[in-house]
Amino acid sequence: MSTSIANLKVGEQGVIKEISLENIPLSLLEMGCMPGENVELLQIAPLKDPLYIRVNGSHLAIRKEIADQILITKI
Amino acid sequence: MFKNKAIKVALVGNPNTGKTSLFNQLTGLNQKVGNYPGITVEKKVGTCQLSKNNIAKIIDLPGTYSINPTTLDENIVLNTLMSASHEDFPDVIVVVADIENIKRNLLLYSQIKDLQIPTILVVNMSDQIQRKGIQIDLELLKKELKSEVVLTSARKNKGIDKLKEVIENYHSLNTDPLANISKRIDADYFINLKNNFPSFPLYKTWLLITQVEEFEELDEKEKEKVRSYKKDKEKLKKYQHKETIYRYQQINEILKKTYRVDRSKAKDLRSKLDKVLIHKVWGYVIFAFILMVIFQSIFDWASVPMDLIDEFFAYLSSSAKELLPPGTFTSLISEGIIPGIGGIVIFIPQIAILFLFVAILEETGYMSRVVFLMDKIMRRFGMSGKSVVPLISGTACAIPAIMAARNISGWKERLITILVTPFTTCSARLPVYAIIIALIIPQQRVLGIFSLQGLTLLALYILGFASALSSGYLLHHVLKVKGKNLFVIEMPNYKIPSLKNVFYTVVEKTKAFVFGAGKIILAISIILWFLASNGPKSFTDAEINFKNKPEIENLKPEQFDEQLASYKLEQSYIGIMGKSIEPAIKPLGYDWKIGIALISSFAAREVFVGTLATIYSVGNDDKDNTTIKERMAAEINPDTGEKLFNFPSGMSLLVFYAFAMQCISTLAIVKRETNSWKWPLLQLFGMGALAYVASFLTYTVLT
């Protein structure tokens, strides 16, 4: 099922399918968040934003607006 | 003995890799912190004795995840490594990686290696190998990475000798690029690029086009070529993405052969702590508790050393007066320079204690959790979760706080943080608050436990934070500043802080204050001294005129001296200045004497107290027990016949000091950080107008 990181529930995982090039900072890719990688949503901040994810061995916090643009296949 | 030229070594690495520990281990106390020209990023350079004949000059570059910068600090890494004529251009680069996040760390290595400068990979925190269930094939890794790899544990001082040996033999390192970016992305494009700049490594040319604004080392023709390549932004961005993906593919292949981790052995401290520390209730409770502990300790621990410093400088000043022959020079020393230096040193305890806590919180990895917790809230006020550190630091001093805003990647969020930080109650406001509160708020207890005076102080702190947030909110909606936000933060592993690193951070930040603010405070103290001890003809004749006054006949000798000093101050340049602004400040409930104190507060706010002490001629007589507080309390406003420092005028002063931007050092640092006079002037006039209006309203409503 195709969705974005922002739609995952805590503990759920997915594989990154596509990253919208236009609005995604290069730095996110450089931290290991790129197509083909496994991503897990670890925790959501109390006010629903930002999201705390594990991807490609990195633990990152990203804002929801960015998470919305990372498309994944849920596993 | 024959000595070789120092080998220049640049340390590069991700944040949280132990790069700083390694730097401290290599250089020990042989390090100094300076600034990069024109900007305030700390530049750490140290020397290291490699062997009998060789020394190295080690440059600790700011932590970065990539050579493509997103913050100003990271820009330094790029600038240093790009330009062979840069004074810090290294002979050899040491890329520091940590054993656990080796994959992400290798991305940086892969970029750096392609610059074709000798590069060594240090895999740090190797003491964790067993505990984390990691296996690593060092020999194969060296072969695959086409360079030397050294395992170290900087905290346990392991592998350092081996690293020194490798650095010494840097000539023998392979300088081939690691990733062949030309073939995998767009072969024609990159061959064309290579042919246009045959003398440069291909990757360097690529960075020139994608990252560097203007590169001085090129001639006009080459600059023109670079500009034409820069045009197709879309394409560049696409290729950068492809480049990154390609690099990771290559790294993954290398790691598959050389690195194995048994996840079942990894202990999950992270997730257990995260469950509590960023819990939707406990997260905030713990953060609030930590803040309370910090503020409490600043007050408790700092008061003793601050009193000692105060006494010490007062003693120094009075002994200078006694020992030196009377005259202008002595007066400059005892009334200008010594109190000026004292005014700087007195803040060191509070600043050092605050940064001790900030450094510990950052070292443990907790600060990233605070950023995570606070980001959404702070965004409503135009800031980012990362603005929390500057705002907290602002309670010690706005100067290091504004410098800490460098970590914020979005320009708008960073700018707003810089603009509102001076609202937080810095330590220079405290002496002013303390004396006015003591004058106008009765020593009562509320509900039996809280002291009314303490609550007033607390209210002023809250006022400081609240005005920072609400002006942030306003600026967020008013400022039209472009700039995308690249908020991505790493949530590092929890660690026990290294005492050495904490110590060095505290020293660094304190130095930033002493040299950032200190110079200006000292200079203004001397100017104020001049303005107070010189004046037009009426000042030079003051002594004669004063002696001819009829009302002085009944004065005792020491009273005579005091009143003469006060009279002379009135005739001095600063007295004239105070009088000339009196009409403007009368509506706020102040007289010209407070006017003088307001003007002199531009050096630093706490000068207010010292100035009033001089004006009310206290301090000359230790036998007489009237304190400055009692003198101020007795002062009568000649217009109203009431006490000058009564409740309305005192409240008005508190409000004025809470809002006004009376700190030239902060304005100077804002100018440097924003590279424009526009923003410090906005602060000066915006906060000044707010202070004036708010004090006027306070005074009018209360009278």
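**Entry 1: the contact of chains A and B.** I looked up the contact between the two chains first, and found that 30 residues of chain B and 25 residues of chain A take part, where two residues are in contact if their C-beta atoms, placed from the backbone, lie within 7 Å. On the side of chain B that touches chain A, the elements giving two or more residues are helix 3 (102–113), helix 10 (233–258), helix 15 (366–380) and strand 12 (488–490); here helices (H or I, at least four residues) and strands (E, at least two) are DSSP runs, numbered from the N terminus. Helix 10 of chain B gives the most to that side, with seven residues. I then sorted the residues of that side of chain B into 13 nonpolar, eight polar and nine charged, counting Ala, Val, Leu, Ile, Met, Phe, Trp, Tyr, Cys and Pro as nonpolar, Asp, Glu, Lys and Arg as charged, and the others, Gly among them, as polar.

**Entry 2: what I am reading.** The model is predicted, so I note that local features need pLDDT of at least 70 and that side-chain atom pairs count only at pLDDT 80 or more, whereas totals for chains, interfaces and linings use all residues. Residues are numbered from 1 along each chain as its sequence is written, and chains are lettered from A and ligands numbered from 1 in the order in which they are written.

**Entry 3: strands across the contact.** I found strand 5 (residues 58–62) of chain A paired with strand 12 of chain B in the antiparallel sense, over three bridges, a pair being two strands between which DSSP finds at least two bridges. Within strand 12 of chain B, Ile489(B) is the residue that stands opposite Ala61(A).

**Entry 4: chain A.** Chain A has two helices and six strands, which I read from the N terminus on as β-β-α-β-β-β-α-β. Its radius of gyration, taken over C-alpha atoms, is 11 Å, close to the 11 Å from the globule rule for 75 residues, so chain A is as compact as a globular protein of that length; the rule is 2.2 Å times the number of residues to the power 0.38. The C-alpha atoms of chain A fill a box of roughly 30 × 25 × 20 Å along the principal axes. Of its 75 residues, 47% count as buried, that is, with 20 or more other C-beta atoms within 10 Å of their own, while 12 or fewer makes a residue exposed and a count in between partly exposed.

Entry 5: Val55(A) is in strand 4 of chain A and counts as buried because it has 23 C-beta neighbours inside 10 Å. Leaving out residues up to four places away in sequence, Val55(A) touches Gly32(A), Cys33(A), Glu37(A), Val39(A) and Leu60(A). For Glu37(A), 18 residues apart from Val55(A) along the chain, I noted a C-alpha separation of 6.8 Å.

**Entry 6: positive phi in chain B.** Lys146(B), a residue other than glycine, has a positive phi, near 55 degrees, and is found in the loop between helix 4 (138–145) and strand 8 (149–151) of chain B. Asn675(B) also has a positive phi, near 60 degrees, and lies in the loop between helix 31 (664–674) and helix 32 (678–702) of chain B. Lys146(B) is partly exposed, with 14 other C-beta atoms within 10 Å, and Asn675(B) counts as exposed, with 11.
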